[in-house]
Amino acid sequence: MTLLAAAAAVGEPSCYSRLTNDWFCVQYVKDRQSEIVDATTQHLQITVEAVLLGVLIAFPLALAARRFPRLESSILGVSTGIYTIPSLALFPLLVPFTGLTATTVIIGLALYALTVLVRSMLEGLRSVPGDVRESATGLGYGPGRLLLKVELPLALPVIMAGLRVATVSTVALTTVGSLVAFGGLGNLIKDGVLTNFRAELLTAAVLCVVLAVLLDAVLVVAQWLLTPWTRGPRA
Amino acid sequence: MAADAVDPGTARVNIFTDTWTYLTDWSHWQGDEGLLQLLVQQLLLSVTALAIAVAVGLPVALWLGHLGRGGFLAINISNVGRAVPTFALLALLVTADFPGVTTFGPYGRAGLATLIALALFALPPLITNGYVAVREVPADVRQAADGMGMTGWQKFTRVELPLAVPLIFSGVRLALVQVWATATIAALVAGPGLGRVITDGFFRSNYAKGIAGAVVVAAVALVLELVAGTVQRAVDPTPAAPSRRRGRGKQDPGRTVGEAAEPVGS
């Protein structure tokens with residue numbers, strides 16, 4: 001009986017063949033492992049670079065908005081305006097400048113991350129109590145040292161909250177980069193739709209969510225390590 | 001691409017002029033699959049999806065906020081919605097078999113898949129903002145309402161709802177932006193709408209067409225956002241609120257996007 005079943009299994013087409021087209025297929029993951037790993041690596045790379053670029057742009061903007069209150073509404077307004085543009089429209093608008101490259105996707109995603117990042121940085125820096133700032137100044141901290149040693153660490157929880165939001169949504173948005181052929185797992189999803197390949201589609205979709213959750217967990221751990229004063233006997 | 005001997009600067013200028021030519025050619029706007037028809041299609045889809053999401057999600061969120069329960073759900077639905085790629089969900093819906101649905105109005109199966117995905121993606125901002133809006137009504141106002149002998153329902157409709165309107169509406173506005181963006185992405189899975197112009201242009205290396213589509217989509221998105229912002233200001237029952245902030249009463253239309261994100265993280 002078992003032998004018969006085994007024989008039948010050998011004769012059967014694999015679970016991702018056109019005939020069966022299963023949603024879940026371990027065989028697919030095994031057979032196309034390198035392709036999946038490549039796509040995931042590209043996805044991760046694009047996401048991380050985009051978020052880093054977003055942070056690099058957002059930080060000076062947040063500082064400028066805090067320093068010059070007149071700029072604040074225009075900085076927030078412009079970043080919100082960008083956020084309003086659908087991702088599928090933003091990437092083509094960047095193509096004349098950066099071509100069909102990963103750079104297009106990275107810049108586009110970084111622009112999206114800006115909205116959340118600038119806001120959270122501003123909120124974070126504003127959440128630093130005034131008396132703390134005053135005591136630091138009284139202790140002889142200059143503006144640079146005040147920012148790095150006092151304000152940033154205290155603003156970190158709020159900034160990290162924004163960073164988590166930005167990272168998770170960037171992971172999801174990266175898939176749209178498949179329009180210019182640099183979408184990481186999005187490329188697999190697109191291929192899956194075009195060829196009606198369910199296993200490929202679902203595997204890529206699940207990996208996207210897993211990647212988002214993993215990166216979020218990494219950020220939570222990083223925050224835990226960076227802010228040792230927030231965990232103490234109180235908790 | 002590397003074989004292109006054209007100076008990139010010239011190529012860029014060409015693409016811009018080509019895009020302009022495409023956009024100003026009236027024949028591209030008319031007829032079947034013309035820009036206008038696709039625009040109307042996408043607007044119809046977006047509005048329908050938003051209406052469905054508002055009808056389904058908002059009452060639940062508001063009532064949960066009134067009861068002060070289910071906060072965990074209301075907050076986390078946003079996080080989940082953010083982590084699931086729109087594109088992946090659309091792709092899954094299109095590829096799955098819908099029992100008995102082969103045509104749905106003029107849109108076909110991809111149209112129904114799009115509609116479902118759009119409504120799903122409109123829910124998180126609506127639910128989170130709706131819940132938070134009612135929840136954030138100051139406790140002393142609630143107590144005053146109790147003290148006046150209001151029943152739970154009266155308190156909900158006469159006190160909490162009016163005070164929650166601005167934040168609820170900013171959720172609707174966020175959802176609108178989200179829905180419009182998602183409707184554009186629908187084209188990647190052969191759905192209806194303007195995104196089709198973009199994907200078509202890119203898949204056939206007709207970049208001027210793709211970019212022209214992107215310009216229209218982006219312009220409509222900004223117009224929708226502006227209109228929603230104006231409506232929001234008009235329905236705000238507490239217009240004097242911004243003047244509390246120091247300096248000129250900044251309207252700051254931008255504040256609303258982050259508002260949905262903030263209660264989530266902090």
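This is a predicted model: local features need pLDDT of at least 70, side-chain atom pairs count only at pLDDT 80 or more; totals for chains, interfaces and linings use all residues.
Two residues are in contact if their C-beta atoms, placed from the backbone, lie within 7 Å.

Chain A is built from 10 helices and 0 strands. Its elements follow the order α-α-α-α-α-α-α-α-α-α along the sequence. The radius of gyration of chain A is 23 Å, whereas the globule rule gives 18 Å for 235 residues. The computed value is well over that figure, so chain A is more spread out than a compact globule. Along the principal axes, the C-alpha atoms of chain A fill a box of roughly 85 × 50 × 20 Å. Of the 235 residues of chain A, 43% count as buried.

The contact between the chains was examined next. Chain A contributes 48 residues and chain B contributes 47 residues. On the side of chain A that touches chain B, the elements giving two or more residues are α4 (69–84), α5 (87–98), α6 (102–126), α8 (143–174), α9 (185–194) and α10 (198–226) of chain A. The largest share of this side comes from α10(A), with 9 residues. By class, the side of chain A that touches chain B has 30 nonpolar residues. A further 14 are polar and 4 are charged.

Notes. Residues are numbered from 1 along each chain as its sequence is written. Chains are lettered from A and ligands numbered from 1 in the order in which they are written. Helices (H or I, at least four residues) and strands (E, at least two) are DSSP runs, numbered from the N terminus. Ala, Val, Leu, Ile, Met, Phe, Trp, Tyr, Cys and Pro count as nonpolar, Asp, Glu, Lys and Arg as charged, and the others, Gly among them, as polar. The radius of gyration is taken over C-alpha atoms; the globule rule is 2.2 Å times the number of residues to the power 0.38. A residue is buried if 20 or more other C-beta atoms lie within 10 Å of its own, exposed if 12 or fewer, and partly exposed in between; C-beta atoms are placed from the backbone.
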